[in-house]
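Hi,

Here is the model I promised to pass on. Have a look at it first, and then read my notes below.

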Amino acid sequence: MSKLLIVGTVAFDAIETPFGKTDKILGGAATFIGLAASQFNLDAAIVSVVGGDFPDEYLELLANKDIDISGIEVVKEGKTFFWSGLYHNDMNSRDTLATELNVLADFNPVVPKGYQDSDVVMLGNLHPLVQSSVLSQMTKKPKLVILDTMNFWMDNALDELHEVIKKVDVITINDEEARQLTNEYSLVVAARKIHQMGPKYVVIKKGEHGALLFHEDNVFFAPALPLEEVFDPTGAGDTFAGGFAGFLSKAQDISFESMKNAVIYGSTLASFCVEKFGTERMKNLHENDIQKRLQEFRNLTQFDIELSS
Ligand code: AMP
């Protein structure tokens with residue numbers, strides 16, 4: 001079975017959308033990635049850190065999804081990473097109200113011995129130095145390294161971010177962040193510039209407007225499923241990344257063709273994530289729900305026009 005190593009925040013989130021507001025609930029990039037990837041029945045592990053205030057039941061939730069949590073350090077006297085966000089009426093844009101690094105500020109990740117030879121490494125959103133440290137602990141070159149990041153790290157650790165970007169095969173990034181990273185408005189030009197920074201594959205997520213996959217001169221686009229109900233987009237990007245990484249780990253095929261399917265899986269899983277607050281929908285997702293939605297995706301995007309030559 002192929003092994004997937006995930007690094008990212010395991011966090012408390014407080015979210016406000018036009019539909020409601022939550023107190024501190026379970027969140028974090030690695031949490032959403034892990035929940036999405038767990039749909040593929042892989043041998044997956046999370047490397048992260050939480051404080052003594054983090055409820056055991058949250059860790060158990062991940063463990064019950066067969067995710068190895070031995071790489072999640074618990075700093076008893078520390079506080080868990082906290083993020084708070086406010087969504088605007090279009091639900092596609094949000095303001096970050098608070099980012100409290102807490103235990104993440106002095107985190108030295110330790111990759112569990114059994115995962116130092118993982119086939120796929122998903123570097124989820126957190127400090128680029130932590131992402132780099134995880135990579136340097138791998139005893140075998142992974143078949144694929146995927147990186148996700150966010151404007152916060154561009155604002156606060158840009159040099160370190162550039163260093164880690166050089167070392168990865170795939171980057172997943174949202175449209176505004178791609179523009180910020182490259183100072184380019186056109187996403188095609190932005191993707192080309194990001195290629196030059198290192199990654200052979202660039203995935204640009206456009207929220208409810210789908211996702212683009214770039215590789216050399218090839219481009220693939222997947223729309224997002226038009227949904228009746230969108231309650232909370234938090235974690236959709238991470239869920240996408242988890243579905244993308246999980247699919248590729250399972251398929252053991254990292255060709256461009258396989259990545260197209262990975263984009264579809266990522267988009268499909270993200271479409272569930274937004275239906276409820278936080279991790280609520282992802283916690284109770286079943287294989288037949290996914291299959292049904294993949295069919296809807298196929299219906300949405302398939303057409304049959306004969307081209308005259
Ligand atoms: P997404 O909506 O996919 O961009 O991800 C939202 C998740 O990212 C939330 O659950 C937050 O806990 C987490 N998050 C927010 N800011 C950061 C940050 N600067 N570094 C790492 N994770 C973050």
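This is a predicted model: local features need pLDDT of at least 70, side-chain atom pairs count only at pLDDT 80 or more; totals for chains, interfaces and linings use all residues.

Residues are numbered from 1 along each chain as its sequence is written, and side-chain values use heavy atoms, with hydrogens and water left out.

The sheet is open and has 9 strands, in the order β6-β5-β1-β9-β10-β11-β12-β13-β14, with mixed pairing. At its edges are β6 (67-75) and β14 (218-222), each pairing on one side only. Strands here are DSSP E runs of at least two residues, helices are H or I runs of at least four, and both are numbered from the N terminus; two strands pair if DSSP finds at least two bridges between them. On average, neighbouring strands are turned by 15 degrees against each other, direction ignored. (Axes are lines fitted to C-alpha atoms, for helices over the stretch in contact, and angles run from 0 to 180 degrees between N-to-C directions.) Strands β12 (201-205) and β13 (211-215) run antiparallel and are joined by 5 bridges; Ile204 has Leu212 in β13 as its bridge partner.

Helix α1 (29-37) lies across β1, β5, β6 and β9, at about 160 degrees to β1. Helix α3 (128-136) lies across β1, β5, β9 and β10, at about 165 degrees to β9.

Now for a backbone detail. Most residues other than glycine have a negative phi. Asn102, in the loop between β8 and β9, has a positive phi near 50 degrees. Asn183, in the loop between α6 and α7, also has a positive phi, of about 60 degrees. Asn102 counts as partly exposed because its relative accessibility is 27%, and Asn183 counts as exposed at 69%. The cut-offs are under 20% relative accessible area for buried, over 50% for exposed and in between for partly exposed (1.4 Å probe, protein chains only).

Finally, the ligand: 20 residues surround it, the closest being Asp13, Gly28, Arg94, Gly235 and Asp238. A residue is near if one of its heavy atoms lies within 4 Å. A polar side-chain atom of Arg94 is 2.9 Å from a ligand oxygen atom. A polar backbone atom of Gly235 lies 2.7 Å from an oxygen atom of the ligand.

Cheers

Notes. Contact means heavy atoms within 4.5 Å. A polar contact is a pair of N or O atoms within 3.5 Å; within protein, one must be able to donate a hydrogen and the other to accept it, and residues adjacent in sequence count only if both atoms are side-chain atoms.
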